[in-house]
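Welcome! Please take a look at the structure below, and then let us walk through it together.

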2 protein chains.
Amino acid sequence: MNTTVLDKRAPEARGSSDTAARILDAAEKLFAEHGFDGTSMRLITSVAGVNLASVNYHFGSKEGLFQEVFRRRLTELNLHRLAMLDRAEAAAAGAPLKPSAVLEGFFGPALDMAADTERGGHTFMRLLGRTYTEPAEFVRKFMADEYAQVVARYTDALYRSLPDVPRAEIMWRFHFMMGAMSYAISGADSLELVTGRFDDDPALLKPRLAAFLLGGLRAPLPDGHGMRGEPARQAD
Amino acid sequence: MNTTVLDKRAPEARGSSDTAARILDAAEKLFAEHGFDGTSMRLITSVAGVNLASVNYHFGSKEGLFQEVFRRRLTELNLHRLAMLDRAEAAAAGAPLKPSAVLEGFFGPALDMAADTERGGHTFMRLLGRTYTEPAEFVRKFMADEYAQVVARYTDALYRSLPDVPRAEIMWRFHFMMGAMSYAISGADSLELVTGRFDDDPALLKPRLAAFLLGGLRAPLPDGHGMRGEPARQAD
DNA sequence: GTATGATTCAAACGAACGTTTGATCTGGAT
DNA sequence: ATCCAGATCAAACGTTCGTTTGAATCATAC
């Protein structure tokens, strides 16, 4: 492996050889485009410009590479989300947050990452949305672990901010919002598929999605099998 | 191929041999579970209980099989959607439809199909949601053709029912709604992934999603980079 | 029965897959 | 100069992939 008890490489290279980084970047892009099974090790290594065997050397296996592609971004993303929530709750001093503040904390960092086309954030978010729908056996437990705490914190915050909405409803609406976000990110690609060519300012995506999510989250509750009910009471 | 100029088989078997049907059912289930690349011909034929070569005989290739799995369900689904819209528009006699009626016409048939766990509708809808996020090259054009007319009709109807909402906004919100629906259908599978075990009455899904979608569709417009704006005016 | 075309079958094809191997290279420590 | 662990490399491993082949089977028309 690349890190042992005695690592004699130069400090700036320790823990992230150029080779490993090139592999991760190429893999992220290719997995997002063609999926896990659709992307061969030979394609990854040829795009990265490294030797075929170096993936197994640095990451153990193709699955190990896939997990590492996820880990490096998802950990950062979820830490960011938790920090946003911490800050908002500290500022509220015990009072329930506004729903819009909760949504901003959870979906804001994801959309910001998706807007970053230079450092590969956009590529990763497309991969994430895609993987959520095709939960490869060996990713599920990993994803569950990474997400468990974040989702628990945020659904709690949502419940406190909308006390009239039952918990089960909060869970479902959270799920619906994740779907909308996922499609928002795959965005133009799929929109073209269904609507023909489609040009738009990427900067408008975030407010657009925020408005939609907030409207859905605060919608009147269903009454059983119709769609009427009293609006959930909460300013903003 | 199975249909030639002179087909001498019994009428009840013409055009859909038992073998072909068994292959389609097995393939639908396996593609939904493991994706296109993750499902081998040998697995499909062994689950279907037919000879390996029969896929190429009946469908030409693996891709041909995949397309036929989509075609048989998607054609029916979209015809159903168009019929719903025709009926609603005829009843309205030229007046704009209520947004809830438009949504019911588009998302209702899909959710109904997703609720059908016996005839395989649920399986197919999971496959559809999944494929939308991983648009295999050779499916895109096919999907675009199948969807073009339906989406055009429905976005027109939505625009007429919400004249204060700009067309671009309608397109995006339609896209967001498709994402929410897709996740709603993958539903419990993914919810468990993120929230731990989760039990719920499947019959409640439709009203739940309907309420959420309607709230999002009718949300106040974004103002550029915040999330405020006047509500879109429309009763219901 | 015999002929005929549709269908099924076991077997094999070459190509591509993920992984392993053992040699070779590299650069700092002694 | 020597050593040695980390890193890279070309080559090969055995397996699985989608597809093709040619013979066997089946059902129908004559």
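Which residue forms a salt bridge with A:Arg73? The partner is A:Glu28, with the closest N and O atoms 2.7 Å apart; a salt bridge here is a side-chain nitrogen of Lys or Arg within 4 Å of a carboxyl oxygen of Asp or Glu. This is a predicted model, where local features need pLDDT of at least 70, side-chain atom pairs count only at pLDDT 80 or more, and totals for chains, interfaces and linings use all residues. Residues are numbered from 1 along each chain as its sequence is written, and side-chain values use heavy atoms, leaving out hydrogens and water.

Now for the domains. An automatic or database assignment divides chain A into domain 1 (9–60) and domain 2 (69–236). Between these two domains of chain A, about 910 Å² is buried, 58% of it from carbon and sulfur atoms; this is the accessible area (1.4 Å probe) that both parts lose on being put together, summed over both. On the domain 1 side, A:Leu24, A:Glu28 and A:Ala32 supply 60% of the area buried against domain 2. The rule finds 3 salt bridges across this interface.

Finally, visit chain B. There, B:Met125 touches residues including B:Leu77, B:Ala110 and B:Met181, where contact means heavy atoms within 4.5 Å and residues up to four places away in sequence are not counted.

Terms used
Chains lettered and ligands numbered in written order.
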